[in-house]
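Hi,

Here's the structure I promised to pass on.

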Amino acid sequence: MSDQTQSQPQRTWQGPSAPERLAILRRARSIAIVGASANPARASYFVATYLLSSAPYDVYFVNPRADTILGQPAYASLADLPVAPDVVDVFRKDADLPGVAQEAVDAGAKTLWLQLGSWNEEAAAIAENAGLDVVMDRCVKIEHARFHGGLHLAGFNTGEITSKKQRLSGRG
């Protein structure tokens, strides 16, 4: 047995297929980002800016240490939101995930979505046993962009990239 196999628990949970993830995103009207940050260096900030500018969702931020994020109110918990979010997108450490899953259930969410690098089968079981859809180890931003033509299936922008210098009119 390799060191990597010993250090990582075996993954037994099977997540939704690409068409099922697309259906989740198409049904959703609101997304709550748990662990949202006002720090531009954080992944949650990047995802939040994308969702606010390029996606059709009402976006809510959950962070008990923030008053506002990107000019929007930040809520202390999912229970404090003015709506039951369709998707709870989670940016929290592994040990917090089962508790966040239960908060998502209690808040009436429809989907628990754990970001890239987040995999917690206990959290998935809590959510699924309450009837929620669960997505783990996937990025909402990447999935939305991929399904809506912004990214190639591998997750890369398919726009043309060139090293040619752009010629401005009037210059030689």
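Below is what turned up on one helix packing and on the aromatic rings.

First, the ground rules: this is a predicted model, where local features need pLDDT of at least 70, side-chain atom pairs count only at pLDDT 80 or more, and totals for chains, interfaces and linings use all residues. Residues are numbered from 1 along each chain as its sequence is written, and side-chain values use heavy atoms, with hydrogens and water left out.

Helices α2 (residues 18-27) and α6 (residues 140-147) pack at about 100 degrees, axes 10 Å apart. That makes α2 roughly perpendicular to α6 (65 to 115 degrees counts as such). Elements here are DSSP runs: helices are H or I, at least four residues, and strands are E, at least two. On the α2 side, the contact (heavy atoms within 4.5 Å) uses Ala18, Arg21, Leu22 and Leu25; α6 brings Val140, Glu143, His144, Arg146 and Phe147.

Now the rings: there are two aromatic pairs (Phe, Tyr or six-membered Trp rings with centres within 6.5 Å; planes under 30 degrees apart are stacked, over 60 edge-to-face, the rest tilted). Trp13 and Trp119 sit edge-to-face, 5.4 Å between centres and 75 degrees between planes. Trp13 is in the α1-α2 loop and Trp119 in the β6-α5 loop, so this pair ties together parts 106 residues apart in sequence. Tyr60 and Tyr75 have centres 6.4 Å apart and planes at 55 degrees, so they're tilted. Tyr60 is in strand β2 and Tyr75 in strand β4, and both are buried (under 20% relative accessible area, 1.4 Å probe, protein chains only; exposed is over 50%, partly exposed in between).

Cheers

Note on methods
Axes fitted to C-alpha atoms, helices over the stretch in contact; angles between N-to-C directions. Parallel < 35°, antiparallel > 145°, perpendicular 65-115°, else oblique.
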